[in-house]
Amino acid sequence: MNRAPFGKSLSRRNLLTTLAAVPAVALLAACSNSGEEAKAADVKPANPSTPAKPAATPAAVQVPEAQGTVDMAELLKPGALPDKQLGKDDAKVTIVEYASMTCPHCAHFNDTTFPELKKKYIDTGKVRYILREFPFDPSAEAGFMLARCSKDNYFAMVDVLFKQQPSWVGVNNTKEALLQISKLAGFTQESFESCLTDQKLLDDVRAVQKRGADEFKVDSTPTFFINGKTYKGAMSIEEMSAIIDPLL
C-alpha cells in the first residue's frame with residue numbers, strides 16, 4: 001500500500017498545493033525530468049512487505065478487516081469526471097477503487113488480482129467496478145489524462161500503463177516513454193501533447209483526487225470501497241472473495 005508522504009517534508013495540504021502548482025502546459029516538461037522527480041514525489045509503502053499477500057488456500061484466508069465506512073449514496077454521486085466502470089449497474093456488489101498510476105501496489109493489484117476479479121465477478125454480473133483517479137505526482141496525473149483521452153479504451157490504457165510501469169516511472173525521460181506507449185495506443189505526437197496540455201482535464205483529475213481525500217478520507221493507494229466499507233492496500237483474489245461472497 002502506498003501512502004502520501006504527508007508526514008515527511010510536506011504536509012498533505014502543502015503536497016497538494018505543490019502538485020496543483022504544475023499547470024497542464026508544464027506537465028510535458030515535468031515529465032521530461034521525472035527521473036529524480038518521481039523518486040522524490042513517489043509515495044512510499046506504509047509497510048516494507050510485499051504489495052499483496054501470497055495466494056493462500058480458501059480455508060486459510062481470513063476476511064480482511066474493514067477500516068471504516070462511507071455512505072454509498074454519497075460515494076456514487078457524480079464528480080468532476082464521469083465514472084469509468086465495468087460491470088452491471090444493478091450488481092449486488094459495488095467496488096470503487098482509488099488508485100495512482102505510479103503506485104507499484106496498484107500495478108501489482110492490476111496485474112495479479114484484477115484479471116481474476118473481472119473474470120469471476122465483474123464479467124458474471126455480480127460486481128460493478130469503478131476506478132477513480134488519485135494521482136500523487138505529475139507523472140501519475142499525465143498517465144490518467146492519457147487514459148481519459150483514450151475515451152472508450154480507458155481501461156485498456158490504464159492496464160497498459162500499469163503493466164509498463166517500470167518503463168515510464170522514474171526513468172530519465174518519462175515524457176518520451178509515455179509518448180511511445182501512447183503511440184501504440186493510437187495517439188499521435190499532436191494528440192499526445194494536446195491531451196497533456198488540456199488544463200480542464202488536469203483540473204478535473206485533481207478534483208477527483210481532492211474529493212476522495214476530503215470527503216472519503218482516501219490517503220493511500222489502492223483504497224477500495226466495497227458496498228460502503230473501506231479497505232486499504234492491494235488484496236489477493238482470495239481476500240477479495242472473502243469480502244465479496246457473503247454479499248452475494
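Is Cys106 buried or exposed? Cys106 is buried, with a relative accessible area of 0%. Here, buried means under 20% relative accessible area, exposed means over 50%, and partly exposed lies in between (1.4 Å probe, protein chains only).

Before we go on, a word about the model. It is a predicted model, in which local features need pLDDT of at least 70 and side-chain atom pairs count only at pLDDT 80 or more, while totals for chains, interfaces and linings use all residues. Residues are numbered from 1 along each chain as its sequence is written, and side-chain values use heavy atoms, with hydrogens and water left out.

**The cysteines**

Let's stay with Cys106 and meet its neighbour. A disulfide is a pair of cysteine sulfur atoms within 2.5 Å. The sulfur of Cys103 has its closest cysteine sulfur in Cys106, 3.0 Å away, which is too far for a bond. Cys106 is therefore in no disulfide.

The structure does hold one disulfide, and this bond joins Cys149 to Cys195, with an S to S distance of 2.2 Å. The torsion about the S-S bond of Cys149 and Cys195 is about 95°, so the disulfide is right-handed. Because Cys149 lies in helix H7 (residues 138–149) and Cys195 in helix H11 (residues 189–196), the pair ties together parts that are 46 residues apart in sequence. Helices are DSSP runs (H or I, at least four residues), numbered from the N terminus.

Here are the accessibilities of these cysteines side by side.

| Residue | Relative accessible area | Class |
|---|---|---|
| Cys103 | 0% | buried |
| Cys106 | 0% | buried |
| Cys149 | 25% | partly exposed |
| Cys195 | 3% | buried |

**The nonpolar core**

In soluble globular proteins, nonpolar side chains tend to be buried together. A nonpolar core is a set of buried Ala, Val, Leu, Ile, Met, Phe, Trp, Tyr and Cys residues joined through side-chain atoms within 4.5 Å. The largest one here has 62 residues, and Ile95, Tyr98, Leu117, Ile226 and Met240 touch the most other members. Leaving aside residues up to four places away in sequence, Met240 is in contact (heavy atoms within 4.5 Å) with Ile95, Phe109, Thr113, Leu117, Phe224, Ile226 and Met235.

**A buried aspartate**

Asp204 sits in helix H12 (residues 199–216) and is buried, at 14% relative accessible area. Not counting residues up to four places away in sequence, Asp204 touches Ala80 and Leu81.

How values were computed
Helices (H or I, at least four residues) and strands (E, at least two) are DSSP runs, numbered from the N terminus.
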